[in-house]
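Visitor: I have the sequence and the model open side by side. Could you walk me through a few spots?

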Amino acid sequence: MNKFAQELSDFDPISSIRRSAYIIKRLRMTSTSKINVTKLQKILYCCYGAVLGAYHRVLLDERPEAWSTGPIFPFALKVMQTLTIDEISMINTNDVECLPLQMVQFLNSVIDFFGQYTGEQLASWSRRCTPWKSAGKYEIINNEAITDYFATQIEIGRASCRERV
């Protein structure tokens with residue numbers, strides 16, 4: 001077993017809040033567009049889906065639900081509605097930074113790709129062309145459907161979406 005495969009086998013899901021803090025930090029380094037709750041939720045979903053599609057691993061400690069606004073991580077949303085983006089960005093992200101380097105690089109490319117879009121563009125895309133469409137309102141979105149969808153949309157080592165956002 002190679003080193004990366006071993007690191008993946010030891011991988012545990014991480015906090016959706018810490019992943020959100022990491023996304024904010026990364027977006028502030030690489031993007032000039034506004035960061036809001038909608039954008040943060042949709043990029044969180046993209047990271048979740050990309051890791052399922054590429055590595056068949058659950059990234060987060062909670063699963064997305066199908067809300068009218070698209071895929072939502074309910075616990076993360078409660079925190080995002082309570083704290084400001086600045087306050088969330090100050091949350092410790094050590095567990096995120098302890099992921100295998102190859103996965104961190106992959107996730108950074110996912111964040112960089114989807115970070116170029118507004119929250120509204122990502123929300124529209126997530127409702128139009130992802131497994132959100134097949135889930136009932138407020139139901140947990142099926143991980144198998146997310147895996148299948150994102151596996152056809154991403155290229156390992158270079159996050160990209162074949163479907164236009």
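Guide: Arg19, Tyr22, Ile23, Arg26, Leu27 and Thr30 of H2 meet Val104, Leu107, Asn108, Ile111 and Asp112 of H7, where contact means heavy atoms within 4.5 Å. This is a predicted model, in which local features need pLDDT of at least 70, side-chain atom pairs count only at pLDDT 80 or more, and totals for chains, interfaces and linings use all residues. Residues are numbered from 1 along each chain as its sequence is written, and side-chain values use heavy atoms, with hydrogens and water left out.

Visitor: How do the residues of the contact of H2 with H7 divide?

Guide: Ala, Val, Leu, Ile, Met, Phe, Trp, Tyr, Cys and Pro count as nonpolar, Asp, Glu, Lys and Arg as charged, and the others, Gly among them, as polar. For the contact of H2 with H7, that gives 6 nonpolar, 2 polar and 3 charged.

Visitor: At roughly what angle do the axes of H2 and H7 cross?

Guide: Helices (H or I, at least four residues) and strands (E, at least two) are DSSP runs, numbered from the N terminus. Axes are lines fitted to C-alpha atoms, for helices over the stretch in contact, and angles run from 0 to 180 degrees between N-to-C directions. The axes of H2 (residues 16–30) and H7 (residues 101–114) come within 10 Å, and the crossing is roughly 65°.

Visitor: Which positive phi does His56 have?

Guide: His56 sits in the loop between helix H3 (37–55) and strand E1 (65–67). Although His56 is not a glycine, its phi is positive, at about 55°.
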